[in-house]
Amino acid sequence: MDPQNVKSILVLILDYGSQYTHLITRRIRSLSVFSLCISGTSSLKSIVDLKPRVIILSGGPHSVHSPGSPSFPDGFVEYVESNGVFVLGICYGLQLLVQRLGGVVRVGEKQEYGRMEIEVVRACGLFGSKEVGHKQTVWMSHGDEAAELPEGFEVVARSQQGSVAAVENRERRFYGLQYHPEVTHSPEGMETLRHFLFDVCGVDAGWNMEDVLNEEINLINGMVAPDDHVICALSGGVDSTVAATLVHKAIGDRLHCVFVDNGLLRYKERERVMETFERDLHLPVTCVDATDQFLSKLKGVVDPEMKRKIIGKEFIAIFDAFGQDLEHKHGKKPVYLVQGTLYPDVIESCPPPGSGRTHSHTIKSHHNVGGLPKDMKLKLIEPLKLLFKDEVRELGRILNVPQAFLKRHPFPGPGLAVRVLGDVTQGNALDILRQVDEIFIQSIKDAGIYDSIWQAFAVFLPIRSVGVQGDQRTHSHVVALRAVTSQDGMTADWYNFEHKFLDDVARKICNSVRGVNRVVQDITSKPPSTIEWE
């Protein structure tokens, strides 16, 4: 999807490093308005080329007083004012506006973190029909505060401690909130965002998945020549399947799908996935068994980033070889490779464009983003790279991908390589993990809670513990169980199983899987953890 070709009005978020920035994007898209997030230090040309109607300056961990603190580019203020662009600053974004427009930001006498109550002190555009004196609970996270406002700005809400909580200059179209309206801890936050976009900015709710589908088909047909052939890397997951179905709709049988068994798949995954492709999706799929190729390259490797890079490189080598076979068959070598890269993959793999890695850091390389070799011969088609998981599922529904397939939990591109901590070839770690994972997932399905969980899986830990099994001392492996709830995979809470369920699963694992004598549960949210362990 090319953001410059999106028919909907664009709300552009400039990211200054807040852990909640992606939530702003999600909340706005949930209102059927297209939003996109780029680095807050992007060039003015990058911003102008996207032609946004509204720009939101995100929060961030920085102080405007710190040397090298991020800011919007020179000429930004002149651009938005001359083009009638509305600007909303959130937390750090508000302070940045105040400082750059001639106001004063200082270190607050009292810092404000967590739930706080604010009160509307002036009838205004930001809070719509809320009368003076209206109070609401919001989520604060700031140490600095706006002490003196630029000329023409008004304070429209204050915190319990008297600090500035919201400001606006309606004539110049500048607005600011010193709290996070995008998080659920601000109960009236969505109402505020909705009012700001629709009533203050006059934005129309015109973005939907049907338009995205049509845009993507047109984009693919414009990119791929009539006699070009395209390879699609199918993993068996929702993302690559939806991407393949979409591209197949655009170019038909010139799409050639390949499913690679890299030796890092779940229990009977190869058989189950190939059956689904043939029976339900009717996609032309070639299965390549590359188990030895992958595991030989991963032998002795313990660094998770290195594992991801190796896997990415081997996948591309296989796709290149598959392309050569197709060239012999069709007389023309494939030019493109389709991948099911999602927006969270892009966000986690790379700093936002233009950041120079100053204000955002790589969380991990996804094998189909940061893990690709620079000398790759195939050009990429990534029709889902600006979409979140729930949006991909909606697109899949429109494309008639079976519902049971769309509900599958996410599975990482590097497979079990990032669920076996350390060397994946050590002993029988992969076999143990497959058995444990199968018991865990099947138990979840039997309990009727599979669809209530975003993702569930087992992890093989590189430690042994002492146990007693069959009246004998054992020194066996430890496995961890992980299950989370989420909307988009960018944040997640651990799933609270009933104690009896965990007891039953742990007993079943220890009694059924030889070599395991201890089961633990991961009860960490994201953040601070990622969903996967590596």
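Guide: What follows is a short chat about selected parts of this structure.

Visitor: Ground rules before we start?

Guide: This is a predicted model, so to speak of a local feature we need pLDDT of at least 70, side-chain atom pairs count only at pLDDT 80 or more, and totals for chains, interfaces and linings use all residues. Residues are numbered from 1 along each chain as its sequence is written, and side-chain values use heavy atoms, with hydrogens and water left out.

Visitor: Pockets, then. What volume does the second largest pocket have?

Guide: About 500 Å³. A pocket here is an open set of points on a 1 Å grid over the protein atoms alone, where a 1.4 Å probe fits, with protein on both sides within 12 Å along at least five of seven lines. The volume is the space filled by probe spheres set on those points, which are joined across faces, edges and corners.

Visitor: How does the lining of the second largest pocket split by class?

Guide: There are 10 charged, seven nonpolar and three polar residues. Charged is Asp, Glu, Lys and Arg; nonpolar is Ala, Val, Leu, Ile, Met, Phe, Trp, Tyr, Cys and Pro; the others, Gly among them, are polar.

Visitor: Staying with H14, is Ser443 buried or exposed?

Guide: Ser443 lies in helix H14 and counts as buried because its relative accessibility is 8%. Buried means under 20% relative accessible area, exposed over 50%, and partly exposed in between, using a 1.4 Å probe and protein chains only.

Visitor: What does Ser443 touch?

Guide: Phe501, Val505 and Lys508, leaving out residues up to four places away in sequence. Contact means heavy atoms within 4.5 Å. Ser443 and Lys508 are 65 residues apart along the chain, and 9.6 Å separates their C-alpha atoms.

Visitor: On to the cores. Which residues touch the most other members of the largest nonpolar core?

Guide: Leu14, Phe76, Leu126, Phe127 and Phe196, in a core of 110 residues. Helix H7 (residues 238-251) supplies the largest share of this core, eight residues. A nonpolar core is a set of buried Ala, Val, Leu, Ile, Met, Phe, Trp, Tyr and Cys residues joined through side-chain atoms within 4.5 Å. In soluble globular proteins, nonpolar side chains tend to be buried together.

Visitor: What are the contacts of Phe76?

Guide: Phe76 touches Leu14, Leu44, Ile47, Ile55, Leu57 and Val87, again not counting residues up to four places away in sequence.

Visitor: Where is Ser42?

Guide: In the loop between strand E2 (34-39) and helix H2 (44-50). Ser42 is buried because its relative accessible area is 3%. A polar atom of the Ser42 side chain lies 2.8 Å from the backbone oxygen of Ser39.

Visitor: Now the backbone. Which residues does a cis peptide bond join?

Guide: One joins Lys526 and Pro527, with omega about -10°. Another cis peptide bond joins Pro527 and Pro528, with omega about 15°. Pro527 lies in the segment after strand E18 (516-521), and Pro528 is in the segment after E18 too.

Visitor: Which residue has a positive phi although it is not a glycine?

Guide: Lys51 has a phi of about 50°. Lys51 lies in the loop between H2 and strand E3 (54-57) and counts as exposed because its relative accessibility is 68%. Asn400 also has a positive phi, about 65°, although it is not a glycine. Asn400 sits in the loop between H12 and H13, and is exposed at 66% relative accessibility.

Definitions and conventions: On a 1 Å grid over the protein atoms alone, a cavity is a set of points where a 1.4 Å probe fits but cannot get out, and a pocket is an open set with protein on both sides within 12 Å along at least five of seven lines; lining residues have an atom within 4 Å of a point. Helices (H or I, at least four residues) and strands (E, at least two) are DSSP runs, numbered from the N terminus. A polar contact is a pair of N or O atoms within 3.5 Å; within protein, one must be able to donate a hydrogen and the other to accept it, and residues adjacent in sequence count only if both atoms are side-chain atoms.
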